[in-house]
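This report describes the architecture of one protein and a selection of its side-chain contacts. Please examine the sequence and the structure shown below before reading on.

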Amino acid sequence: MLKLLLSVLFSLVVYLPSYSCFADDDAATLLKKMDELFRSKSSIAMMKMQIITPNWQRTLEMQSWTIGMDDTFIRVLSPRKDRGVATLKKDKEMWNFFPKINKVIKVPPSMMMGSWMGSDFTNDDLVREVSLVEEYQVSKRIEGENYRLTLVPKKDTVTVWGKIEFIVNQKTLLPLEQSYYNEKGAKVRTMVFSNIKDFSGKKMPAVMTMIPLNKTGHKTVIEYVEAEFDIDLGDNVFTLRNLQTRF
């Protein structure tokens with residue numbers, strides 16, 4: 001609905017990282033900005049998703065609506081065979097609608113980490129069931145021209161990630177890279193943020209590239225084509241009735 005770049009070799013050779021940690025509330029404030037970067041109080045966006053594998057590629061065009069961190073609605077516009085497929089998330093519940101079979105399927109919590117539309121993004125990535133600020137302890141340190149945010153799950157947080165790291169530019173306070181680690185401490189995927197654009201007066205990365213490190217030649221690219229923020233969406237967007245609307 002959520003990408004980061006950093007050369008480790010460059011940071012080791014050119015910069016000597018500062019390991020002085022900031023107060024937790026300072027780190028949490030920056031993490032909240034990452035949490036809300038693509039959402040704000042409300043948003044509506046047109047996006048393209050390109051799924052790339054060694055054997056095939058496909059591109060989806062879709063539109064999304066969000067209110068805060070709680071409600072998300074995504075509808076696929078193209079290609080024709082996927083047109084009308086839609087996803088609704090309200091608070092902690094999520095449903096998918098498949099027009100070909102005219103069926104709404106509720107997504108159980110156990111499937112939130114499953115692939116969305118065959119991409120390298122999970123259901124949770126797209127609808128953000130979990131607020132990073134609420135579910136993770138975060139610390140911050142300086143590394144050259146960037147901040148490194150390290151997120152560790154709180155005791156009661158249910159997640160497959162043992163750790164998440166953001167690299168954030170100090171000057172722009174925009175993310176460059178986001179890395180996900182399993183419970184054994186191994187990095188399993190990286191999201192790279194690029195192509196900073198101005199959308200309705202808000203600067204943010206227009207492109208997010210998710211790269212699974214255990215699947216050679218696979219990646220998924222989401223590009224924000226248009227986006228508006230903090231607008232009145234009305235009460236009828238985030239409903240099961242709208243989810244099943246044919247167009």
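## Strand β1 and its partners

In this predicted model, strand β1 and strand β2 (residues 57-67) run antiparallel and are joined by 11 bridges. Within this pairing, Gln-50 has Thr-59 of β2 as its bridge partner. The two strands form a hairpin, with 4 residues between β1 and β2.

Strand β1 also pairs with strand β13 (residues 219-229), again in the antiparallel sense, over 10 bridges. Here Met-46 stands opposite Glu-226 of β13.

## The protein as a whole

The protein contains 13 strands and 5 helices. It has 247 residues, of which 49% count as buried. Its accessible surface comes to about 12,700 Å², and carbon and sulfur atoms account for 53% of that surface.

## Aromatic pairs

How many aromatic pairs are counted? The count comes to 4 aromatic pairs. One of them joins Trp-65 and Phe-73: the ring centres are 5.4 Å apart and the planes meet at 55°, so this pair is tilted. Both Trp-65 and Phe-73 are buried.

The rings of Trp-161 and Tyr-180 have centres 5.0 Å apart and planes at 50°, so this pair is tilted. Trp-161 lies in the loop between β8 (146-153) and β9, whereas Tyr-180 belongs to strand β10 (residues 175-181), so the pair ties together parts that are 19 residues apart in sequence. Trp-161 and Tyr-180 are both buried.

Two residues of the model are placed beside Tyr-181 by the contacts described here. Glu-165, found in strand β9 (residues 163-169), makes a side-chain polar contact of 3.0 Å with Tyr-181. Is Glu-165 buried or exposed? Its relative accessibility is 9%, and residues under 20% count as buried, so Glu-165 is buried. Lys-163 lies over the face of the Tyr-181 ring, at 4.4 Å from the ring centre.

Phe-229 has a lysine over its ring as well: the charged end of Lys-202 sits 4.3 Å from the centre of that ring.

Notes:
Residues are numbered from 1 along each chain as its sequence is written. This is a predicted model: local features need pLDDT of at least 70, side-chain atom pairs count only at pLDDT 80 or more; totals for chains, interfaces and linings use all residues. Side-chain values use heavy atoms; hydrogens and water are left out. Two strands pair if DSSP finds at least two bridges between them. Buried means under 20% relative accessible area, exposed over 50%, partly exposed in between (1.4 Å probe, protein chains only). Accessible areas come from the Shrake-Rupley method with a 1.4 Å probe; for residues, only the protein chains shown count as cover. A polar contact is a pair of N or O atoms within 3.5 Å; within protein, one must be able to donate a hydrogen and the other to accept it, and residues adjacent in sequence count only if both atoms are side-chain atoms. Rings of Phe, Tyr and Trp (its six-membered ring) pair if their centres lie within 6.5 Å; planes under 30 degrees apart count as stacked, over 60 as edge-to-face and the rest as tilted. A charge sits over a ring if NZ of Lys or CZ of Arg is within 6 Å of the ring centre and within 35 degrees of the ring normal.
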